[in-house]
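Open the structure in your viewer and keep the selection tool at hand.

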Amino acid sequence: MALEGKTVQEQIWNYLKSKGLSNHGTAGFMGNLFAESGLEPKKLQIMTGKKLNYTDDSYTQAVDDDSYHNFVNDSVGYGLAQWTYCSRKEGLLEFVKLRKCSIGDLEAQLEFLMKELAESYSALLVKLKSARTVKAASDAVLTGFEMPEDQSDAEKEKRADYGRQYYEEFAQARKEEVTSSITEAELRRKLVSIMQGWIGCKGSDGSHKRIIDIYNAHKPLARSYAVKYTDAWCTAGASAAAIVAELTDIIPTECGCNQMIELFKKLGAWKESDVYVPSPGDYIFYDWQDNGVGDNTGGADHVGIVEKVAGSTITVIECNINDACGRRNIKVNGRYIRGYGVPKYSAKATVPKGEDVNKSGILKVGDVVEFTGSRQYTSSYLGGTKKPAKPCQARVTAISEGKPHPYHLVAISGSKVYGWCDAANIGT
């Protein structure tokens with residue numbers, strides 16, 4: 001996708017924000033990138049660059065046309081983050097070759113940065129998504145990602161000051177705009193979309209570790225206990241989603257189901273009723289010893305987050321379901337339901353519930369829309385098989401925010417459409 005913004009600074013800010021970094025995390029990260037490269041993706045380390053007799057542009061061109069063969073091992077800092085170490089430069093080179101773009105391409109370098117964070121610095125990524133001060137984010141990047149020789153207090157303060165300038169330029173200037181359009185439904189979708197993105201993470205291949213890392217990086221830890229990769233991880237996963245969504249003021253974090261229930265009770269956000277019909281973003285707790293008679297008041301064994309409710313069927317996304325993150329369908333007032341944590345999303349929303357309509361084309365699960373036709377896809381991601389589809393009235397059954405084909409539609413009648421569609425092909 002094309003970067004959005006009139007300047008390089010604005011493009012970088014918008015890109016990092018689109019990846020879930022908080023305003024403070026984005027500013028702290030950018031302050032460090034500025035200290036390293038001046039936010040110039042073709043920047044060559046100055047002193048070593050003179051010895052090599054290259055300029056920023058000539059070095060970039062030589063790497064692109066393969067006339068310079070020592071990019072990986074020359075120990076020269078290059079690019080936004082001044083990648084220097086051989087394995088990281090090798091990763092960057094392979095990354096841009098796969099995309100068939102220049103080593104100095106800004107968007108490619110930003111994508112590689114996020115790849116590094118997700119795969120090798122997951123704890124730092126969590127901090128950047130939940131950072132509440134520019135200084136804390138900046139220090140974390142300095143000591144845990146860039147790791148220059150100078151990590152003195154003076155250097156920390158200098159980089160934090162750079163970050164504060166970006167915060168003032170972008171976050172403060174947009175504060176009114178940002179805070180004026182958050183609805184309760186959007187907050188609920190934000191939490192659900194995080195869980196949707198984790199579907200398929202497994203304990204068997206270790207892909208669940210990033211979820212547990214998110215939980216453990218959030219402080220203070222509940223009962224001062226760091227969850228092990230071998231522990232049951234349903235509650236830690238449900239808590240991690242709240243951490244990433246920045247909703248821990250209305251959703252308690254815990255690694256035990258019964259302890260989480262007690263915290264929901266303290267927040268006045270516990271629904272002690274099996275017959276309650278939940279909404280997306282509610283927390284559902286289970287008791288596997290439930291005999292099915294009367295209202296269940298036993299101990300809780302498992303937890304998940306409600307994705308949607310269709311008729312009397314609740315679809316739940318759960319971590320540690322068969323040692324993976326996946327979906328479960330259960331009936332309203334079904335056996336094994338212990339009760340519900342019902343976060344007070346309305347307290348965080350800045351748009352009254354009655355105004356939560358599709359004025360800006362924002363859709364929610366359950367909306368009936370006009371599908372304008374053309375094609376549907378078997379996946380929300382790029383590469384999914386596309387099939388022709390005719391116009392029809394359809395219902396939104398799932399949303400995968402940020403994906404190329406973000407809306408899953410099912411025709412109201414007939415079988416004209418059952419798949420993922422582009423936003424451009426949907427009318428309200």
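Begin by selecting threonine 26. This is a predicted model. Is threonine 26 buried or exposed? Threonine 26 has a relative accessibility of 0%. Buried means under 20% relative accessible area, so threonine 26 counts as buried. The residue belongs to helix α2.

Now show what surrounds it. Which residues does threonine 26 touch, apart from its neighbours within four places in sequence? The contacts are Trp13, Leu16, Lys17 and Leu21.

Next, select helix α7, residues 122-130. Colour its buried residues: Ser122, Leu124, Leu125, Val126, Leu128 and Lys129. As a reminder, an α-helix has 3.6 residues a turn, so residues three or four places apart point the same way. Helix α2 is where threonine 26 sits.

Move on to strand β2, residues 283-286. Which residues lie on each face of β2? Tyr283 and Phe285 are on one side, and Ile284 and Tyr286 are on the other. All of these are buried, and both faces of the strand are covered.

Finally, display the two strands joined to β2. Strand β3 (residues 302-310) runs antiparallel to β2, with four bridges between them. Look for tyrosine 283, which stands opposite isoleucine 305 in β3. Strand β6 (residues 337-341) is also antiparallel to β2 and joined to it by four bridges. Here, select isoleucine 284 and its bridge partner in β6, tyrosine 340.

Definitions and conventions:
Residues are numbered from 1 along each chain as its sequence is written. This is a predicted model: local features need pLDDT of at least 70, side-chain atom pairs count only at pLDDT 80 or more; totals for chains, interfaces and linings use all residues. Side-chain values use heavy atoms; hydrogens and water are left out. Buried means under 20% relative accessible area, exposed over 50%, partly exposed in between (1.4 Å probe, protein chains only). Two strands pair if DSSP finds at least two bridges between them. Contact means heavy atoms within 4.5 Å.
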